[in-house]
Amino acid sequence: MMIKFSDIKLVVVLAGISLFFMQHTLQKYQVDYGEAVEQYKKPVKYWPKPTVDAGVNWKEFEAIEWDSNYYDTQELPEVMLGKKLFFDPKLSSSSQVSCSSCHNPELGWGDGQEVALGTDHLQGKRNTQSLFNIADRHSYFWDGRAKTLEEQLVGPISAHNEMNMKPEKLAGKLSKVKEYRQIFKEVYHTDKITFDKIAKALATFQRTIRSQRSKLDKFIKGDYKAMSDKEIYGMHLFRTKARCMNCHYGKNLTDESFHNIGLTYYKREYEDLGLYHITKNSDDTGKFKTPSLRDLDYTAPWMHNGLMDDMHGIVSLYNSGMQMINPTPEEKKVDPNFPVTDHLIKPLHLNEQEMDAIVAFLKSMSGSYYKMPRPEIPRK
């Protein structure tokens, strides 16, 4: 078949038109990218308002301040006692599992596993939450069932698949250790060890666990070179088109509330009804506490079940809107517990470049890596 010159000319023209539009699109993206970035290179009070739904009591991002007293705090007697207890496997019935088994400082104060492993390698059902900034939380566990840190401690210590230690027996076990009796006397002015004192010391230590300053913190404080243009653009999308500020805001990037984001696995493997187990309110089916987004680089895998280990994949899930499993009105009438995805979750229509930018921003929230030295554990 003979190819005519006119056909070749047409192909060249079409290719030229296509190339023009591709370059024009790329240039437009780059121009928009720059315009968005420049909006943020100024004090936070001048930033564009975020895209949030009516009724959301959002708070602006806030930087973590450098704690100049951190090392002095670590030397306080009660903190030092709490640290010894935290790393001591004697707190478990088998004397093989400590708090640090699931909350390892070298793993972002988590364990790097889908779900926790306890005494006799028994598996838990939920992902281990990081202890970063735990002093700022308003409730504890994925379902919020504990209201104080001291109350929360009872759960993992007594759970059969975690430390499997009866709280009333723990004090007696530690009382047999002369060094512990001496330390408790120094801290509490009595060598009588009680579970309340154990919990108090543990909680005091854990409240010192704080995130280090991240690139985001430095940027908020005026170092506009701390974040790349891509990260800043991701922050802009996070605050606007991606609608993330509906749930992730303030200093710790969480609303401290509970939402069903569509990962309940209702009547399937991995089913977990979350807050409903505590309240027995069908409106709470599938709701879990909004996690902080700080230090994400160190705390994978994510979500209440630990099934997500790819940040881009998580952003893609949110991009989809995750509304495909909602019940019909008829199904909800028949089964009131059929979980309904939170109304704040909607399709986002983000393209690949935008999702990449958001992931870059999420990574910018991770502070510098700090390796905490392990304390000497009382033996006798």
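Histidine 304 is in contact (heavy atoms within 4.5 Å) with Lys125, Arg126, Asn127, Trp142, Leu263, Asp272 and Phe288, leaving aside its neighbours within four places in sequence. This is a predicted model, in which local features need pLDDT of at least 70 and side-chain atom pairs count only at pLDDT 80 or more, while totals for chains, interfaces and linings use all residues. Residues are numbered from 1 along each chain as its sequence is written, and side-chain values use heavy atoms, with hydrogens and water left out.

**Histidine 304**
- Histidine 304 sits in the loop between strand 2 (288-289) and helix 12; helices (H or I, at least four residues) and strands (E, at least two) are DSSP runs numbered from the N terminus.
- With a relative accessible area of 5%, histidine 304 is buried. Buried means under 20% relative accessible area, exposed over 50%, and partly exposed in between, using a 1.4 Å probe and protein chains only.

**Helix 6**
- The buried residues in helix 6 (residues 167-175) are Pro167, Leu170, Ala171 and Leu174.
- Seen down the axis of helix 6, these residues fall within an arc of 95°, so they line one face of the helix; the arc is that of the directions from the helix axis to the C-beta atoms.
- Glu168 and Lys169 are exposed, on the face of helix 6 turned away from its buried side.
- The cover over the buried residues of helix 6 includes helix 3 (77-86), helix 5 (149-158), helix 7 (178-188) and helix 8 (195-206).

**Nonpolar cores**
- A nonpolar core is a set of buried Ala, Val, Leu, Ile, Met, Phe, Trp, Tyr and Cys residues joined through side-chain atoms within 4.5 Å.
- The largest one has 47 residues, and Phe61, Phe238 and Met365 are among those with the most contacts inside it.
- Helix 14 supplies the largest share of this core, 6 residues.
- A second, separate core of 41 residues includes Leu91, Phe141, Leu170 and Met372.

**Cavities**
- The whole structure holds 2 cavities of 30 Å³ or more. A cavity is a set of points on a 1 Å grid over the protein atoms alone where a 1.4 Å probe fits but cannot get out, and lining residues have an atom within 4 Å of a point.
- The second largest cavity has a volume of about 160 Å³, a volume being the space filled by probe spheres set on the points.
- Of the 15 residues lining the second largest cavity, Pro105, Trp109, Phe132, Arg210 and Tyr370 are the closest to its centre.

Technical notes:
1 Å grid on protein atoms, 1.4 Å probe; cavity = no way out; pocket = protein on both sides within 12 Å on 5 of 7 lines; lining within 4 Å.
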